[in-house]
Amino acid sequence: MELRLTQDGTPTLFHPGYGEAYHPRQGALLQARRLYLEKTLTHLHPAPRVLEVGFGLGVNFRVALESALLRGVRLSYLAVEREPLPKEVLAQIPLPLPRAEAVFAELLRAWPTSRFQGPWGELRLFFLDVREVALPARWATAVFLDPFSPRANPEAWSLPVLIKLRRSLKWGGRLATYSAQSAFRRALLLAGFRVHRVRGVGKREWTVGIAREAPPG
Ligand SMILES: C[S@@+](CC[C@H](N)C(=O)[O-])C[C@H]1O[C@@H](n2cnc3c(N)ncnc32)[C@H](O)[C@@H]1O
């Protein structure tokens, strides 16, 4: 996999199988902060519980962790990842987040691990396909939906997966994603979300779903 620098100076990888990079060229850190952290209001939550689809390089995890550490709140993070990267690869993706990087260095010593805890909180990892995983009900305050694009990685955006994510969110919890695809937005609505188009940074629109409608079934 080829290492690339994004425009905010943070690195990403290009995955030849999907034909896409793990992060947008405008910035890996930029997207993690402005979209996943802020559009789910995780940066303000007193006890954030994040569910992520696609742990990848752990950029979103480290951004959420840095925010929690700076604010002195406990982070619970549950990530689903069917293709975990080797630790030697993850070690090549440094981020300018000093507090989170110290924790991430410890995580890499134990990698791959399904549970990692510290005074900062807990990370649980399910090394499975999101279609197969059993998720806790009404658990998450936020969902970071971050697979590759609906075109390259359609199964991760399917209605059954979105219903599963909706069931795992607490009422009022927020799902954020970079995709603005209309078929995906229709499925999000059917899964029991209020769907909001939000202005993107470096991209015209992102999508936020708020768990305010009941999930089907
Ligand atoms: C865009 S990258 C995620 C970047 C990551 N969130 C970060 O902060 O670095 C997409 C990730 O989703 C994972 N993925 C794709 N389809 C999946 C599926 N069906 N189940 C679980 N993980 C999946 C890929 O292996 C990849 O690591």
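## Glu20 and Arg151

In this predicted model, Glu20 is buried, with a relative accessible area of 15% (buried means under 20% relative accessible area, exposed over 50%, and partly exposed in between, with a 1.4 Å probe and protein chains only). The closest N and O atoms of Arg151 and Glu20 are 3.2 Å apart; a salt bridge requires a side-chain nitrogen of Lys or Arg within 4 Å of a carboxyl oxygen of Asp or Glu.

Arg151 belongs to the loop between strand E8 (140–145) and helix H5 (159–168), and Glu20 to strand E3 (residues 20–21), so this contact ties together parts 131 residues apart in sequence. Helices (H or I, at least four residues) and strands (E, at least two) are DSSP runs numbered from the N terminus.

## Further pairs and the network

Arg82 is partly exposed, with 38% relative accessibility. Arg82 forms a salt bridge with Glu155, with 2.8 Å between the closest N and O atoms. Arg82 is placed in the loop between strand E5 (75–80) and helix H3 (87–90), and Glu155 in the loop between E8 and H5, so the pair links parts 73 residues apart in sequence.

Glu122 and Arg115 form a salt bridge with an N to O distance of 2.5 Å. Glu122 is buried at 12%, whereas Arg115 is partly exposed at 48%. Through shared partners, salt bridges join Arg82, Asp129, Arg131 and Glu155 into one network. The count of salt bridges comes to twelve.

## Basis of the values

Residues are numbered from 1 along each chain as its sequence is written, and side-chain values use heavy atoms, leaving out hydrogens and water. As this is a predicted model, local features need pLDDT of at least 70 and side-chain atom pairs count only at pLDDT 80 or more, while totals for chains, interfaces and linings use all residues.
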